[in-house]
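Visitor: I have a model open and would like to talk it through. Can you take my questions as they come?

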Amino acid sequence: MISTPQAGALQGPLLSRRMAALRAVDAAAHEVVLTALPRLTAYCGHEAALAEAVDLTAQIATEAPDAARVFAERLYGQPEMMADAAGVRRWTLHGLQRHRNDAAHRIDYFRRNDPRPFFDQRARNDSDYLMEHRGGLIHYLAGFGIAQQSVDLHEPQDEREPAQAPTADKEMIRLPRRLDVTETGQRDLLARAMLAHIAAHLRHSPLARMAGNRRPMLLAMIALIEDARVERLMAQEYPGLHAVWSSFFTASKEASGHDLAGLMARLARALHDPTYSDTNTWVRKGRELFEEAAARDLRDVDAFDYAARQLSIDIGRMHLSLPIRSRPTVAYRDDNALLWSPDLALPVDEAADGDIELIPSAARDDPLLAQDLSDLDLRPRYVYQEWDHRLEALREDWTTVFEQPRQNRGIEATASFTPPTRTSHHGARRTPDRSIRLTRQAEGDEIDMNAMVENVVQQRSGLSPDGRIFCHHSRRRRSTAVVLLMDLSTSTNRFVPGSFTKVIDLEKQAAVMVAEMLDAGRDRVAVHGFSSNGRHEVNYRRIKNFDEPFGPGQRAELAALTSGLSTRMGAALRHATTALAKETTDTKVILLLTDGEPSDIDVVEENYLVEDAREAVARAAARRVRTFCLTLDRRADRYVRRIFGARNFLIVERASAFTANTNNTLMRLLTR
Amino acid sequence: MNDDILPLLIEDEPYYRSTGNEVELFSAAMTRALPMMLKGPTGCGKTRFVEHMAWRLKRPLVTMACNEDMTASDLLGRWLLDAQGTVWHDGPLTTAVRHGAICYLDEVVEARQDTTVVIHPLTDNRRILHLDKRGEVVKAHPDFRLVVSYNPGYQSVAKDLKPSTSQRFGAIAFDFPPPAIEADIVAYESGVSPDIAERLVAVATQSRMLRGRGLDEGMSTRMLIHAGALIAEGISTHDACALAMTVPLSDDIDLQAALRGFVESQFGLWP
């Protein structure tokens with residue numbers, strides 16, 4: 001089918017497989033990609049890169065069929081963009097996430113939006129760095145009394161543009177994705193300098209003033225003076241900040257020149273650094289005016305406005321003009337948009353906002369958006385990330401897990417079966433974890449001095465002592481919480497090869513065995529099951545919760561389970577991990593019972609879900625949740641080892657051995 | 001006054017900087033023999049206040065730091081053995097009750113609740129102490145006073161005073177002093193210059209804004225005094241702040257980064 005001579009060199013079984021997958025998903029997009037392939041070949045060095053383009057088209061097709069064709073056309077018209085396949089992939093995911101509720105915008109995004117901003121590797125490094133340290137930055141802001149605003153990043157921008165300035169409004173402080181620093185160690189310093197400067201504005205600047213008929217030149221001068229004024233006020237209270245900001249003043253006569261931007265940078269430095277000397281008369285005058293006003297009263301904004309007006313008049317006389325897209329003169333300073341009320345603010349940079357609409361973050365979860373109220377889905381929903389191994393990044397908010405409502409359990413059934421041990425167990429679980437000292441024992445490792453003395457006292461006073469004069473330190477036995485996670489996908493409905501038992505029935509047997517065994521003891525056990533129908537609907541069912549007994553209601557629900565849909569293992573593992581995170585036991589285990597590898601209807605790429613599940617297992621381990629997999633797939637070795645690690649899986653080939661093996665595995669996990 | 005407790009008299013005035021009317025309130029409560037409870041964050045000067053008041057009122061002070069392994073006999077006393085046979089040994093509380101001292105139970109919620117009930121008969125108009133092991137009822141000396149302290153902040157719900165205990169006390173709430181006074185205290189206690197002391201207090205003030213954002217408590221006055229003392233010893237400001245203030249406070253990376261930022265905003269870049 002793909003037989004164009006240019007493309008032929010690169011085509012092999014991988015590409016044919018991907019093309020077949022795409023055709024199954026979206027025939028129209030497949031056609032367009034087919035015509036684009038020869039052109040793409042020129043830009044893609046190897047078959048895997050072509051397959052990547054096909055994969056992306058299929059990905060879009062499963063998410064938004066309308067956009068896939070547009071994307072394919074884009075591939076045809078602009079094949080050179082596939083030179084950075086990872087960048088295009090990030091761009092694609094960004095579009096799908098951003099416009100998930102709006103088909104028109106989505107199509108527009110794939111038709112017109114520029115993927116190039118996503119190719120910027122340095123911006124990506126800096127963004128990752130900032131997001132990683134975001135918690136600390138928010139704490140840092142809070143220390144200055146700024147608790148209203150959160151910290152986030154700007155939209156990505158083309159790397160050829162100069163780095164954006166930070167901005168601030170009532171809710172959010174946005175930092176640039178690329179930090180212009182010479183050495184990476186300075187990144188955190190720059191971030192702190194930015195936030196401290198914005199904190200200075202929020203504490204000391206008059207915010208959202210009416211700009212009135214002030215000219216842009218005057219506004220720029222007022223901003224320059226205001227920056228220096230608030231920093232000086234701030235440094236009175238936090239003297240160390242002066243040094244933090246100092247690192248970023250580099251302007252000088254030689255370095256910055258005589259144009260307006262250069263002069264402004266030199267003035268900014270002169271106002272900041274008392275040791276800096278400048279020969280320019282305008283800079284000198286600016287410094288004198290500022291110091292004069294500062295000597296009188298730093299809080300008198302009008303006096304400083306007056307100085308700014310004088311300076312802007314002088315600039316007018318020098319016939320210097322503002323560059324069209326002016327940037328703050330110092331790297332850490334913000335764009336000062338917060339000084340002016342929005343309707344009259346400095347001209348908004350259209351290009352920076354792009355054609356991306358802002359979705360209020362709450363909107364996607366707002367059930368009222370659904371047109372038809374009968375479609376309203378009231379099941380509790382949980383949104384999880386998913387790991388994209390090609391990007392080596394997490395796709396934020398990618399999967400949605402729905403918890404199935406509980407089956408209608410007979411009230412009489414639960415009422416008739418309430419084990420009395422449950423409550424005491426519950427109380428014991430809440431005792432703090434420490435070793436217990438047993439005193440007044442008949443035997444032990446040490447002598448209990450208090451008991452000893454009492455004994456002798458009693459002896460001397462003619463009474464018979466009770467003789468229990470020892471104490472010993474005992475350890476509390478480690479407790480374990482186990483989530484038995486059952487794969488309920490369609491494939492579990494088949495018979496185990498060479499037997500007359502269905503997979504799901506085996507899973508049920510094992511579940512009953514595990515639940516009965518652990519429920520009686522002091523370990524905690526929950527039985528959960530999952531199946532998925534694409535990333536938007538991962539069904540998760542709690543057959544038995546930790547705090548419930550394994551009673552007739554639970555048994556009935558377990559027995560009534562049926563197979564259906566697919567296996568999105570990663571999402572289920574993440575949800576089970578979340579459930580376990582609330583447990584206070586010493587060890588936590590997820591025991592996964594399955595019969596095959598992860599798969600789902602909206603994923604055509606091989607390995608994607610395997611790698612995602614692997615990431616979920618690693619995350620669980622980081623939260624001290626251990627995972628173990630029992631599988632009935634005799635060919636599972638290919639993937640379970642990758643997901644669960646070399647020793648944390650067991651392939652059971654015979655149905656008869658499954659329950660026994662589950663038992664053994666569990667014993668091993670509990671004693672380890 | 002009994003010879004046993006004379007060493008417990010405080011001779012030199014312990015430094016205490018009053019920030020309100022707590023000295024008058026406490027004196028009045030002591031005059032009326034009202035049991036007192038001092039609440040406040042750790043390291044804000046509760047213990048120092050009690051020492052100061054004991055000196056001011058010229059009463060001996062018996063201090064007992066409570067812990068959860070403490071038993072009633074640790075407070076009341078126990079039988080011990082000697083060559084002749086058994087001999088009763090008064091516990092700190094009994095000593096204070098017998099001879100008329102101020103008994104100060106520091107961090108009283110750390111003690112188990114069944115231990116703290118032994119003070120109940122002391123804190124109402126009976127003013128007696130049962131020593132059941134000895135078969136004795138000790139009538140409190142007219143000068144006996146009971147003071148407890150606790151920190152309502154970080155302890156869990158499980159560790160709280162029973163209402164039946166807490167309602168027997170009058171209470172004064174303590175907090176960190178206003179910045180200017182706190183700086184005076186730090187400068188006086190540690191010997192650093194007033195300028196450094198002010199900056200240390202500013203760092204602490206910033207850290208206290210993170211209360212509830214992962215920090216149970218901000219930096220205490222005590223921490224600042226430690227840092228100040230190190231600085232006065234010639235340690236660099238940044239090292240002293242790290243040793244005495246930022247590093248002990250939290251293990252969280254994000255909080256550490258912010259705390260280091262606060263130090264930087266007072267003392268400049270980290271070397």
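Visitor: Start with chain B. What share of its contacts between residues at least 6 apart in sequence joins residues at least 24 apart?

Guide: In chain B that share is 71%, where contact means heavy atoms within 4.5 Å. Before going on, this is a predicted model: local features need pLDDT of at least 70, side-chain atom pairs count only at pLDDT 80 or more, and totals for chains, interfaces and linings use all residues. Residues are numbered from 1 along each chain as its sequence is written, chains are lettered from A and ligands numbered from 1 in the order in which they are written, and side-chain values use heavy atoms, with hydrogens and water left out.

Visitor: How many helices and strands are in chain B?

Guide: Chain B has eleven helices and nine strands. These are DSSP runs numbered from the N terminus, helices being H or I with at least four residues and strands being E with at least two. Of the 271 residues of chain B, 52% count as buried; buried means under 20% relative accessible area, exposed over 50%, and partly exposed in between (1.4 Å probe, protein chains only).

Visitor: And what does the secondary structure of chain A come to?

Guide: Chain A has 26 helices and 14 strands. Of its 672 residues, 51% count as buried. For contacts in chain A with a separation of 6 or more, residues 24 or more positions apart account for 69%.

Visitor: New topic, the interface. How many residues of chain A are in contact with chain B?

Guide: On the chain A side 29 residues are in contact with 28 residues of chain B. The area buried between the two chains is about 2,200 Å², and carbon and sulfur atoms give 59% of that. Buried area here is the accessible area (1.4 Å probe) that two parts lose on being put together, summed over both.

Visitor: How many salt bridges are there across it?

Guide: The rule finds two between chain A and chain B. A salt bridge is a side-chain nitrogen of Lys or Arg within 4 Å of a carboxyl oxygen of Asp or Glu. E264(B) and R192(A) meet in a salt bridge, at 2.7 Å from N to O.

Visitor: Which element gives the largest share of the side of chain A that touches chain B?

Guide: Helix 9 of chain A does, with seven residues. The elements that give two or more residues to that side are helix 9 (134–143), helix 10 (187–204), helix 12 (241–246) and helix 20 (449–460) of chain A.

Visitor: Now inside chain A. Which residues of helix 8 are buried?

Guide: In helix 8 of chain A they are A123(A), D126(A), S127(A), Y129(A) and L130(A). Seen down the axis of helix 8, they fall within an arc of 160°, so they line one face; the arc is that of the directions from the helix axis to the C-beta atoms. They pack against helix 9, strand 1 (150–153), strand 3 (172–175) and helix 10 of chain A.

Visitor: D126(A) is charged. What does it form a salt bridge with?

Guide: Its partner is R187(A), with the closest N and O atoms 2.9 Å apart. R187(A) is in helix 10 and D126(A) in helix 8 of chain A, 61 residues apart. Both R187(A) and D126(A) are buried.

Visitor: What about E386(A), which partner does it have?

Guide: E386(A) forms a salt bridge with R568(A), the closest N and O atoms being 2.8 Å apart. The two are 182 residues apart, E386(A) in strand 4 (residues 381–388) and R568(A) in the loop between helix 22 and helix 23 of chain A. Both E386(A) and R568(A) are buried.

Visitor: Where is L565(A)?

Guide: L565(A) is in the loop between helix 22 (552–559) and helix 23 (569–581) of chain A. It has a positive phi of about 65° although it is not a glycine. Most residues other than glycine have a negative phi. L565(A) is partly exposed, with a relative accessible area of 38%.

Visitor: Back to chain B, then. Is E107(B) buried or exposed?

Guide: E107(B) counts as buried, at 17% relative accessibility. Its phi is near 55°, a positive value in a residue other than glycine. E107(B) lies in the loop between strand 5 (102–106) and helix 5 (113–116) of chain B.
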